[in-house]
Amino acid sequence: LNQHGFIILDMGTHSDESVDYPDYAFKVAEAVAAREADYGILICGTGLGMAISANKVDGIRAVTISEPYSAEMARKHNNANVLTMGSRVIGSDMALKIAEVFLNTEFDGGRHCARLEKIDKKPGKAGSGDSRDG
């Protein structure tokens, strides 16, 4: 991505040792939410745990993507600001293509803004959320 003109803030990891991915997801998501970075890219085995963790940070819309079309739509329609990918799911060439599409696609705005406002409202729970309650 550096070769394509993107400025990278590398927030780790820097070893092959096992780590707790939420620590890195929160670090990147908080940097994006604080506008220290425009977008974040997180990679773990599937990308799923990273997305779940990053989405806990207010203002973050993290998506797990494994092909370019969804990367484009996540930016155009959902104004996603954190991309997560799985190193066990896609190869490095595909990951680079997805990242390039994600980073180079603009949000369409318009009708999508009202939908994002609804998402940002975070409706409260009706009951405990446990379907076994009766």
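Let me start in helix H3, residues 68-78, where Glu-72 and Lys-76 sit 4 residues apart, so about one helical turn separates them. Helices here are DSSP runs of H or I with at least four residues, strands are runs of E with at least two, and both are numbered from the N terminus. The side chains of Glu-72 and Lys-76 meet in a salt bridge, at 3.1 Å from N to O. By salt bridge I mean a side-chain nitrogen of Lys or Arg within 4 Å of a carboxyl oxygen of Asp or Glu. As a general point, side chains of opposite charge can pair when their charged atoms come close.

A word on the source: this is a predicted model, in which local features need pLDDT of at least 70 and side-chain atom pairs count only at pLDDT 80 or more, while totals for chains, interfaces and linings use all residues. Residues are numbered from 1 along each chain as its sequence is written, and side-chain values use heavy atoms, with hydrogens and water left out.

The cut-offs are under 20% for buried, over 50% for exposed, and partly exposed in between, with a 1.4 Å probe and protein chains only.

How many salt bridges does the structure hold? There are 2. Arg-61 is buried, with a relative accessible area of 18%, whereas Asp-120 counts as partly exposed at 49%.

Now the chain as a whole. It has 5 helices and 3 strands, and from the N terminus the order runs α-β-α-β-α-β-α-α. The C-alpha atoms fill a box of roughly 55 × 40 × 30 Å along the principal axes. Of the 134 residues, 33% count as buried. Among contacts with a separation of 6 or more, 61% are between residues 24 or more positions apart; contact means heavy atoms within 4.5 Å.

Next, the surface charge. Arg-111, Arg-115, Lys-118 and Lys-121 gather in a patch of positive charge on the surface. Such a patch joins like charges within 9 Å, using residues with over 30% relative accessible area and no salt bridge; nonpolar side chains (Val, Leu, Ile, Met, Phe, Trp, Tyr) are joined within 5 Å. Lys and Arg count as positive and Asp and Glu as negative, with His and the chain ends not counted. Lys-121 is in the segment after helix H5 (111-120) and counts as exposed, at 67% relative accessibility.

Last, the segment before helix H1 (21-33), which is the place of Ile-7. Ile-7 is exposed, with a relative accessible area of 80%, and its C-alpha atom is 9.3 Å from that of Ala-37, 30 residues away along the chain. Phe-6 lies in that segment before H1 as well. What does Phe-6 touch, not counting residues up to four places away in sequence? The residues are Leu-1, Leu-103 and Asn-104.

Terms used: Areas by Shrake-Rupley, 256 points an atom, 1.4 Å probe, with all protein chains shown as cover. Charge placed at Lys NZ, Arg CZ, Asp CG, Glu CD.
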